[in-house]
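Welcome to a short tour of a protein model. Have the structure open as you read, and take the sections in order.

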Amino acid sequence: PCSFGEISCVIEHRGNGLAYYQFPNLLAFSEIQHGVFTRKGGCSPAPFSSLNVSLGVGDQERRVERNRQMLSGCFGEQNLVFLNQVHGSHVEVFSRDDDPIDSSTLPVGDAMVTDRKHAVLVIQVADCQAILLYDPVKHVIAAIHSGWRGSIGNIIGETIGVMTARFSCLAEDIVAGISPSLGPCCAEFVNYRDEIPSDLWGYRDESDHFDFWSISCHQLCDAGVDEDHIHISRICTRCDTNRFFSYRGEGITGRFAVLIGLA
């Protein structure tokens, strides 16, 4: 089992009437903004109640856009950058040397890396992990969407590889936070032999539950991140549907937002 990230709490803040959490290790850097929002405080009705930020789950577009505007208001009305998340391993790069980000198009991918200021990267989740990364030396941020397919594809390693190749980041400088997500208590895979590679079966318990928090920890460390730089929220979304959306727990439901930006 993963032996690091023992501090299980995240720090709750309020902004623009919305509650959001922050990772203590990322909170130490004033030059970035980040937040793990709950499902509360938005305008969407059930089953998307209430701060649903996804346009792909059946909620009305005008309500989702209003919810997104509320998020932006918490961070000084900055530009929110979304992806068309597909449970793959593509990493989208937004360099400050590139053309301005076109918010009218939605890139397909499951991770984003940028050195741009005032571009807030948003991951949408409801059981999958959202992983935030920051290199305080090169001033580069990343946001990752990693469900079980992302874990199999090691999208964490792919993202850190992009950070090092494109921005000359050193993995040992990177600080990481792992959001509330499906915990080992609820991540049951009865067909794991067909779905999950055998090299990950060591993270399975006797009841066919997998510890994807530990998988992500070890993938971060394998990529060169210092284990002392990793913080896991250790909040299971399926066990806590009062605060967070859970696809496994609810079926048709919304997606909560996890975001990071360079101030």
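Predicted model: local features only at pLDDT ≥ 70, side-chain atom pairs only at ≥ 80, totals over all residues.

Strand β1 (residues 11-15) pairs with strand β2 (residues 18-22) in the antiparallel sense, over 5 bridges.

## A second sheet and its helix

Another open sheet of 6 strands has the order β5-β6-β9-β8-β10-β11, again with mixed pairing. Which strands stand at its edges? They are β5 (91-94) and β11 (230-232), and because each has a single partner strand, one side of each is left without a neighbour in the sheet. Neighbouring strands here are turned by 15° against each other on average, direction ignored.

Within this sheet, strand β6 (residues 111-114) and strand β9 (residues 140-146) run in the antiparallel sense and pair over 4 bridges. A111 stands opposite I144 in β9. Helix α4 (residues 155-167) packs on the sheet and touches β5, β6, β8 (129-135) and β9. The direction of α4 makes about 160° with that of β9.

## A buried aspartate

Is D135 buried or exposed? This residue, which has its place in strand β8, has a relative accessible area of 0%, so it is buried. Leaving aside residues up to four places away in sequence, D135 touches V140, M163, C169, L170, D173 and I174.

D115 and D135 are 20 residues apart along the chain, and their C-alpha atoms are separated by 9.8 Å.

## An enclosed helix

The buried residues of α6 are F212, W213, S214, I215, S216, C217, Q219 and L220.

What covers these buried residues? The cover includes strands β8, β10 (175-178) and β11, together with helices α3 and α4.

## Salt bridges

Side chains of opposite charge can pair when their charged atoms come close. The model has 4 salt bridges. In one of them, the side chains of E250 and R39 meet at 2.9 Å, N to O. This pair links distant parts of the chain: E250 lies in helix α7 (residues 247-250), while R39 lies in the loop between β3 (32-37) and α2 (61-74), 211 residues apart. E250 is partly exposed, with a relative accessible area of 31%, whereas R39 counts as buried at 8% relative accessibility.

Another salt bridge joins D208 and R204, whose closest N and O atoms are 2.8 Å apart. D208 counts as buried at 17% relative accessibility, and R204 is partly exposed with a relative accessible area of 31%. D240 also forms a salt bridge, with R243 as its partner and the closest N and O atoms 2.4 Å apart. In this pair D240 is buried, with a relative accessible area of 15%, and R243 counts as partly exposed at 24% relative accessibility.

## The largest pocket

The tour ends at the largest pocket, which has a volume of about 680 Å³. How many residues line this pocket? There are 31 of them, and H87, A126, C128, H145 and R255 lie nearest its centre.

Several elements give two or more residues to the lining: β7 (119-125), β9, α3 (148-152) and α7. Helix α3 gives the most, with 3 residues.

Notes. Residues numbered from 1 in each chain as written. Heavy atoms only, no water. Pairing = 2+ DSSP bridges. Axes fitted to C-alpha atoms, helices over the stretch in contact; angles between N-to-C directions. Contact = heavy atoms within 4.5 Å. Buried < 20%, exposed > 50% of the residue type's maximum accessible area, 1.4 Å probe, protein only. 1 Å grid on protein atoms, 1.4 Å probe; cavity = no way out; pocket = protein on both sides within 12 Å on 5 of 7 lines; lining within 4 Å. Points joined across faces, edges and corners; volume = space filled by probe spheres on them.
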